[in-house]
Amino acid sequence: MPRIRLGVALWSQCASWDDYQAAAQLVDRLGYDTLLTNDHLLSEVGPPDQPKFEAWTALAAWATVTNRAMLGHWVGSNTFRHPALVAKMAATVDHASHGRLLLGIGSGWFAREHEVFGLDFGRGPGERLDWLDEAVSILRALFDGQTVTHDGPRYRVRDLKLYPPPVRGSIPIMIGGAGERKTLRTVAKYADLWDANMPLDPAQVARKVAVLDEHCAAVGRDPATIARVISPRVYIRDDERAARQAYAAALRHNGAEPDPAAILFLGPPEAIAEQLRPFVALGFSQFIADMPAPYDVETIERLIGEVKPLLEGM
């Protein structure tokens, strides 16, 4: 029987702070394993000038009003912050939450927020992925207690060590993305968790798993030491049509319309479990529900209360 771990990633746009915090507390109270928020500086769905909370500040606030769930980003944009600063921020939130920080990180993709905030977006995805690999190498060493001196090509630190160190001795790193040449190589070298973060077609995901296994073999890493994560957009109702309507209403609240090509997980608990089973068979044991505001309490309650037992009873 697989041990299924569940999380919720709350969108930080188009919500009041009170609703955002109340949803975080509900997720924590229900016993979810992870509670995450996305890391963007502008709204990435719908018009970019909608209300949006900053992710690290939000996690620090959540640390004081939650008790159980691991807290993190789904996923942090590496381009926003120097990895040495990220390590210091991570250690601070880790202590504020008594050892509950999970560092999610990716290469960054949203050009407009970089332009508006004056942040370097690089020459293209390949360069940003190189920056990510370099940054995560620094973070991994710092989280594992090493004193780090690093001289470029992108980042520089000198005789840096984390004081105080992480509460539990280290901080887990989750890398989001599925690029076969660079991203999965970085996952193989440094990640504790991998979020496939791609269209959720089991055949496509199976290919990515095989490529990750190849990278692990090349660097001498046991693939079983990397937890596999997928992040479906889930809405649970007894009737699929009602679930689809709820999902569409949430997107419209965020200034967007449903993408007809998107792979969604909509309907009763049995149908959701059936959609997730192929991923369990591929070794995925962690599922993070992608949740826009207004946060759907019925889905949050039924995912852990009804879908999880079905998956664990496979």
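Reply: Helices, of at least four residues, and strands, of at least two, are here DSSP runs, numbered from the N terminus. In this predicted model, the protein chain contains 10 helices and 13 strands.

Two packed helices are described by the angle between their axes and the distance between the axes. The pair to be examined is helix H6, residues 183-190, and helix H7, residues 202-219. Their axes come within 8 Å and cross at roughly 50°. The crossing in which H6 passes H7 is right-handed.

Particular residues form this contact. On the side of H6 they are Leu184, Arg185, Val187, Ala188 and Lys189. On the side of H7 they meet Lys208, Val211, Leu212, His215, Cys216 and Val219.

The wider setting is the protein chain as a whole. For its 314 residues, a compact globule would have a radius of gyration near 20 Å, and the value of 19 Å for the protein chain agrees with this. The C-alpha trace spans about 60 × 40 × 40 Å along its principal axes. Of the 314 residues, 57% are buried. Among contacts between residues at least 6 apart in sequence, 75% join residues at least 24 apart.

Some details of the backbone also deserve attention. Most residues other than glycine have a negative phi, and most peptide bonds are trans. Against that background, cysteine 14 has a positive phi of about 60°. Cysteine 14 lies in the loop between strand E1 (5-10) and helix H1 (17-29), and its relative accessibility is 12%, so this residue counts as buried. Histidine 98 also has a positive phi of about 60°. Its place is the loop between helix H3 (83-96) and strand E5 (101-106); at 63% relative accessibility, histidine 98 counts as exposed.

Cis peptide bonds occur as well. One runs from glycine 152 to proline 153, with omega near 15°, and proline 153 belongs to the loop between strand E6 (148-151) and strand E7 (156-160). Another joins alanine 293 and proline 294, with omega about 0°. Proline 294 sits in the loop that lies between strand E13 (284-291) and helix H10 (297-312).

Technical notes. Residues are numbered from 1 along each chain as its sequence is written. This is a predicted model: local features need pLDDT of at least 70, side-chain atom pairs count only at pLDDT 80 or more; totals for chains, interfaces and linings use all residues. Side-chain values use heavy atoms; hydrogens and water are left out. Axes are lines fitted to C-alpha atoms, for helices over the stretch in contact, and angles run from 0 to 180 degrees between N-to-C directions. A crossing is left-handed if the near helix is turned anticlockwise from the far one by less than a right angle, and right-handed if clockwise. Contact means heavy atoms within 4.5 Å. The radius of gyration is taken over C-alpha atoms; the globule rule is 2.2 Å times the number of residues to the power 0.38. Buried means under 20% relative accessible area, exposed over 50%, partly exposed in between (1.4 Å probe, protein chains only).
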